[in-house]
Amino acid sequence: MFDLAVVEALRAIVGTAQVLTKKVDLVTYSYDATADVPRRIPDVVVMPANTAEVQQIVDLARTRGIAIYPRGAGTNLSGGAIPLRRGIVLSFQKMNRIMDVDAENLTAIVEPGVVIQELNNAVAPHGLIYPPDPGTVATATMGGSVAENSGGLRGLKYGVTKHYVMGMEVVLANGSKVRFGGKTVKNVTAYDFSSLFVGSEGTLGIITQITVKLIPAPKFRRTMLATYQTIEDAGNTVAAIIKAQVIPATLEILDHKTIEAVENFAHVGLPTGAEALLLIEVDGMADVVVEREAEAVIQAVAENRGVLRLAKSDSERDQLWSARRAALPALASLNNTVVLEDATVPRSHITGMLLACAQIGRKYNLVMGTFGHAGDGNLHPTILADKNNADEMSRVHRAVEEIFDAALRFGGTLSGEHGIGIAKIKFLGNEIGETGIDLMRSIKDSLDPDHMFNPGKLVPDREPAHAV
Ligand SMILES: Cc1cc2nc3c(=O)[nH]c(=O)nc-3n(C[C@H](O)[C@H](O)[C@H](O)COP(=O)(O)OP(=O)(O)OC[C@H]3O[C@@H](n4cnc5c(N)ncnc54)[C@H](O)[C@@H]3O)c2cc1C
């Protein structure tokens, strides 16, 4: 049982109703969206309402030697929000205010618990958007997506979360509050601390406010679906579109298994006989430019033997995108365990990586669907398995290792957007080496000397980590 005095102290800080201790409440916080990682029921969940409360919680945790596990919506795919050891789960559901929308400076300031779509809803009346667009845009929080440096469907043209964070407020391990960056487009004062905290996966400090950049919403768009009889033709179309110097807002790929799963799941009229399909959207401020880009895409599709369908209405467009967003849930419905990776390669190797994934799936006799952000070289090979079948799970683990090896061989990375968390921590050295790990450890040691924040994630332990 967690120390009652600690629970009482937490209640004194945030109020009794904001401290959860009953098992029925805690179970929800024992896992996140990641499969095949350990689960653990937390000792206590605390929901602060403001930065001052976060500071007091950090002070309490530090003096009592308690770990803190920050948590947004728990949709991450690397085990980042799981309370691996004894400690406090810090949930930001009460810190969900949009503090400022500044249409003059094209910025917004939000608390970490704001859901990404809610920010977009708030800025839409100003003709603005916040572009980072993970598949979970309607549920994931700003704090979680900044801590993961989330990407998403619009990454190719608009970039990822790191390109939109202009500043933040952070509570450090010593309980002090610090602000970096702000509303200015340029800011080279001090180290670029905002960039350090973007993608830090809750391991360096608690993000309590975020200043983000907004951009004008594109006025015109053309959405297209292209289907193929071979993976190579689909992959070569991606290369041809980029070579034609067209940067679509989105350029997504679904392989045969994923097409089949989505169609059975969502019934949106996808061609289940196709080996691959591309979903392509070009957008912009001028109709004539968007049309010219759409023509270049149509030509690239035709040259690579694709069959093209143009969305003729907003509802047809929405249907195509909901098909893409259904890819993971559709695949996940096929078995009890869905192991989803996000190995990423330079765009020019997308065909090679797609073929490598298919070959690895066959080699280990696994059911695998691959989809993802083809324009970014960011693929999601997704293995469907039965967690009760030890032999199959061992083949899954060997296949995952080979997928990572293939990505690194192509000059790519272990993770394009889902982070390292616990899921990929043992592979980290394969990409950044022992020297890279040592550098991460020294940053962690310097900012979080007691390893209080999200211990066991992202930075491999040097010694037994913080525990109560
Ligand atoms: C169906 C599906 C589709 C997805 N599609 C995409 C996609 O297209 N692109 C993509 O990039 N990701 C995608 N994801 C992954 C996930 O949605 C993102 O990582 C998301 O941004 C995480 O936000 P969250 O609020 O759920 O964070 P959580 O999962 O709760 O937390 C994520 C990490 O952030 C830390 N954290 C949370 N809040 C704070 C804070 N205030 N201060 C410090 N650390 C904090 C946590 O400790 C944890 O390490 C997808 C996930 C699913 C299930």
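Q: Which strands and which helix do the buried residues of α4 pack against?
A: They pack against β5 (98-102), β6 (107-110), β7 (128-129), α5 (142-148) and β10 (206-213). Packing is judged by contact, that is, heavy atoms within 4.5 Å. Helices (H or I, at least four residues) and strands (E, at least two) are DSSP runs numbered from the N terminus. A word on the ground rules: this is a predicted model, in which local features need pLDDT of at least 70 and side-chain atom pairs count only at pLDDT 80 or more, while totals for chains, interfaces and linings use all residues. Residues are numbered from 1 along each chain as its sequence is written, and side-chain values use heavy atoms, leaving out hydrogens and water.

Q: How do you know on which side of α4 its buried residues lie?
A: In helix α4 (residues 116-123), the buried residues are Ile116, Leu119, Asn120 and Val123. They span an arc of only 100° around the axis, so they sit on the same side of α4. That arc is taken from the directions running from the helix axis to the C-beta atoms.

Q: What makes Glu316 count as buried?
A: Buried means under 20% relative accessible area, exposed over 50%, and partly exposed in between (1.4 Å probe, protein chains only). Glu316 has a relative accessible area of 15%, so it is buried. This residue belongs to helix α11 (residues 314-325).

Q: Why is the pairing of the Glu316 and Arg309 side chains called a polar contact?
A: A polar contact is a pair of N or O atoms within 3.5 Å; within protein, one must be able to donate a hydrogen and the other to accept it, and residues adjacent in sequence count only if both atoms are side-chain atoms. The two side chains meet at 3.1 Å, so the contact qualifies.

Q: What makes the phi of Asn149 worth a look?
A: Most residues other than glycine have a negative phi. Asn149, however, has a positive one, near 50°. It lies in the loop between α5 and α6 (155-158), and its 18% relative accessibility makes it buried. His451 also has a positive phi, near 50°; this residue is in the segment after α15 (428-447) and is buried at 15%.

Q: Why are β8 and β9 called paired strands?
A: Two strands pair if DSSP finds at least two bridges between them. Strand β8 (residues 165-171) and strand β9 (residues 177-181) have 5 bridges, in the antiparallel sense, so they pair. Glu169 stands opposite Arg179 in β9. The two strands form a hairpin with 5 residues between them, and Gly175 in the turn has a positive phi of about 90°.

Q: What makes β1 and β3 edge strands?
A: The open sheet of 4 strands runs in the order β1-β2-β4-β3, with mixed pairing. β1 (19-20) and β3 (67-71) each have a single partner strand, so one side of each lacks a neighbour in the sheet.
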